[in-house]
Amino acid sequence: MACALVRSALRRKPPLQPAGADRRRYSLRSGTLERAIAAFRSVSGDEGVSLGEAVREQHGRDESVHKCRPPDVVVFPRCVEEVSALAKICHQYQLPIIPFGTGTGLEGGVGALKGGVCFSLRNMDEVLDLHQEDFDVTVEPGVTRKALNSYLRGTGLWFPIDPGADASLCGMAATSASGTNAVRYGTMRENVLNLEVVLADGSVFHTAGRGRRPRKTSAGYNLTNLFVGSEGTLGILTKATLRLYGIPESMVSAVCSFPSVQAAVDSTVQILQTGVPIARIEFLDDVMIGACNRFNSLSYPVTPTLFLEFHGSSKSLEEQVSITEEITRENGGGDFAWAEDEEMRARLWKARHDAWYAAQALRPGCKAYSTDVCVPLSCLPQIIVETKEDLMRNHLTGPIAGHVGDGNFHCIMVLDPDDPDEVQRVHEFTERLARRALAMDGTCTGEHGVGLGKRTLLREELGPQAMEVMQRLKATLDPKNLMNPGKVL
Ligand SMILES: Cc1cc2nc3c(=O)[nH]c(=O)nc-3n(C[C@H](O)[C@H](O)[C@H](O)COP(=O)(O)OP(=O)(O)OC[C@H]3O[C@@H](n4cnc5c(N)ncnc54)[C@H](O)[C@@H]3O)c2cc1C
């Protein structure tokens, strides 16, 4: 229905005034925006276009500490034809386009640096084409991971990628998100089979070919993974075809305390080396576990801790658990605190997923900012120990939580955003940490993306040649630099 409306609206094109091809910025005074808004309304109706201050503010910010820059207007398309029609209008008037999922990003990706049009995709929230026997599903961009898993209830299938927040699946694809399950199930990169994309000029294409969903392919360049992690700078993702997994017969979770960071990380490496297909292995340092205890009324020992989860048949679980217990014991780990039934497991993982809020509660009234480096596994103990020393030396609050099975960890920096001295010290600390990771052959971001804050670090990480290739790709796909300008590159 919505799509038929778009077709008829496009037939009676509003009187658009072309902007000069070389103009990079648009001027509100020239009336450009007003004309574009009239055109948006002819596509999406009055209810699909918002100029309200609160709506614009809400769509110009995410969960990061980056300053909010609201867009000039927010549009709420209902189908890919509408997205395409709206993009064509932006292209004609040279208005920046900022895609918006659920705004849970941590690197300022949705801020409208140069003003422009926020495309909120929340009204496109249907699960399409579930193929149970093939373990795949296609979703619209507004479907969140929790909504997909609720939809799948009763099918015996689930989508395991879990960044904690209830993010949109296309937002997760756009940031190449992962989280606690990545050690077993991979990240968005390994789990997106195909994407429907609207480019800046409004053209629509499918990264792996329309309707295709093979489990593997060697056909041509990997366009799907060009768009996974592109953070809205190359196009708007309007559909994603995702891999699904069978819900394991049994799951069991445990918590284990260690005398030192080294002992916890050594256990992790040895567990992985023995081939235990661990589903989750999460590290919390002493400060983090103390904060979680306080926030969730728990009483785990305040020492470096691992949260673990095993998936499989009852028989395979027995074996996985016995090998893991032996390894942790040899490294001085304490007894496992078990959570077997669903309610207990949910309680245990809620404590881990609440780490962000538990950290914030350490200093009421302050804001949290999460660092996000990833290093080769063997470098983890050294980087965590050096980072804790750095935090103490600089009197900073930054409890550490990490997806250690992947070598990825976060310091959740809790800071007073109104204290310029502290803001500066945190900034310097995060740059030192990222450079420490780069010096160990790692990356400045394992899962949150580059967004606004890590553009310099990206250049250091990739080097000038790789950056130039990226710039050329961007210029080919978006020659007017309309897609989420000022981010990533
Ligand atoms: C408490 C908390 C814990 C978190 N833990 C993790 C974690 O463990 N692992 C992890 O990976 N992340 C984590 N995150 C970060 C966040 O959930 C992810 O970055 C998520 O993938 C963002 O999805 P979103 O829908 O909210 O995207 P948004 O925040 O709306 O957007 C993020 C970026 O993607 C772009 N974008 C969004 N939708 C589209 C689209 N359809 N097409 C093109 N571009 C688009 C935006 O322009 C922006 O650049 C956490 C966040 C919070 C608040």
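Me: How many positive and negative side chains does the protein chain have, and how far apart are the centres of the two sets?
Reply: The protein chain has 53 positive and 60 negative side chains. Lys and Arg count as positive, Asp and Glu as negative; His and the chain ends are not counted. The two centres lie 9 Å apart, with each charge placed at NZ of Lys, CZ of Arg, CG of Asp or CD of Glu.

This is a predicted model: local features need pLDDT of at least 70, side-chain atom pairs count only at pLDDT 80 or more, and totals for chains, interfaces and linings use all residues. Residues are numbered from 1 along each chain as its sequence is written, and side-chain values use heavy atoms, leaving out hydrogens and water.

Me: Which residues is Pro304 in contact with, leaving aside its neighbours within four places in sequence?
Reply: Contact means heavy atoms within 4.5 Å. Among the partners of Pro304 are Cys256, Phe258, Val261, Phe283 and Asp286.

Me: What makes the protein chain as compact as a globular protein of that length?
Reply: The chain holds 17 helices and 19 strands. Its radius of gyration is 23 Å, close to the 23 Å that the globule rule gives for 489 residues, so it is as compact as a globular protein of that length. The radius is taken over C-alpha atoms; the rule is 2.2 Å times the number of residues to the power 0.38. Helices (H or I, at least four residues) and strands (E, at least two) are DSSP runs, numbered from the N terminus.

Me: What share of the residues counts as buried?
Reply: Of the 489 residues, 54% do.

Key. Buried means under 20% relative accessible area, exposed over 50%, partly exposed in between (1.4 Å probe, protein chains only).
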